[in-house]
Amino acid sequence: MIISEDRRMRKIWLGVLGAVILVAFLGWFQFGRPTIAPRVYKIGWGSSPPFQVRGADGQPTGLAVDLLRTAAQRRGIRLQWLYFTDSSESALRRKKVDLWPIIAITTERLKDFHISEPFLEAEYSFLVRADSPHVKMQDLRSEE
């Protein structure tokens, strides 16, 4: 089968045009996209056993710390852990940190901060002996 000269030239030009488009796309994909420098997020922590505790090496450890450290590593997120004796709310309001691993959810905090869905919920109880005169929180109030 003989292909006419026009059809043959058309196929050549379409091939050349396709190659040019492919090279342009690959060049844009490789070099044209803006690059974003990897950010390091400052994450605060304080003593809150067993969720946040100071390890033997002085670094944070504990349930929440280990969970967040593992999740961040899996996603390629870099964290810088900063110890605070102040409250988590104070560190966040003063913009000393970007994140905090554990915080009590209150109506006021929901107005000012983004708080994710809880990954852990804890409930605390105050226990007293059965023969104690203190049976309500008000019974513990100091008379001073």
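**Notebook: pockets, salt bridges and a surface patch**

I began with the largest pocket, whose lining has 24 nonpolar, three polar and four charged residues by class. A reminder to myself: this is a predicted model.

**Entry 1: the largest pocket**

How much space lies in this pocket? I found about 970 Å³. I then looked up its lining and got 31 residues, with Trp100, Pro101, Ile102, Ser116 and Phe119 nearest the centre. Strand 1 (40-45) and helix 2 (63-75) are the elements that give two or more residues to this lining. Helix 2 supplies the largest share, five residues.

**Entry 2: the second largest pocket**

Here I noted about 150 Å³ of space. Its lining includes Gly46, Ser47, Asp86, Trp100, Ile102 and Arg109. By class, I wrote down four nonpolar, six polar and two charged residues.

**Entry 3: salt bridges**

Side chains of opposite charge can pair when their charged atoms come close. How many salt bridges does the structure hold? I found seven.

I followed glutamate 89 to begin with. Its side chain meets that of arginine 93 at 2.8 Å, N to O. Both residues sit in helix 3 (residues 88-93), four residues apart, which is about one turn of the helix. Arginine 93 is partly exposed, with 41% relative accessibility.

Glutamate 89 also forms a salt bridge with arginine 109, at 2.9 Å, N to O. Arginine 109 belongs to helix 4 (residues 107-112) and glutamate 89 to helix 3, so this pair ties together parts 20 residues apart in sequence. Is arginine 109 buried or exposed? At 13% relative accessibility, arginine 109 counts as buried, because the cut-off for buried is under 20%. I also noted that Glu89, Arg93, Arg109 and Asp112 are linked in a network of salt bridges.

Next I checked lysine 111 and glutamate 108, whose side chains meet at 3.2 Å, N to O. They are three residues apart in helix 4, so about one helical turn separates them. Lysine 111 is exposed at 59%, while glutamate 108 is partly exposed at 47%.

**Entry 4: a nonpolar patch**

Last, I looked at the surface. Which residues form a nonpolar patch there? They are Met9, Ile12, Trp13, Val16 and Val20, with about 480 Å² of accessible area together.

Key:
Residues numbered from 1 in each chain as written. Predicted model: local features only at pLDDT ≥ 70, side-chain atom pairs only at ≥ 80, totals over all residues. Heavy atoms only, no water. Patch = residues over 30% accessible without salt bridge, like charges linked within 9 Å, V, L, I, M, F, W, Y side chains within 5 Å. Areas by Shrake-Rupley, 256 points an atom, 1.4 Å probe, with all protein chains shown as cover. Salt bridge = Lys/Arg side-chain N within 4 Å of Asp/Glu carboxyl O. 1 Å grid on protein atoms, 1.4 Å probe; cavity = no way out; pocket = protein on both sides within 12 Å on 5 of 7 lines; lining within 4 Å. Points joined across faces, edges and corners; volume = space filled by probe spheres on them. Nonpolar A, V, L, I, M, F, W, Y, C, P; charged D, E, K, R; others polar. Buried < 20%, exposed > 50% of the residue type's maximum accessible area, 1.4 Å probe, protein only.
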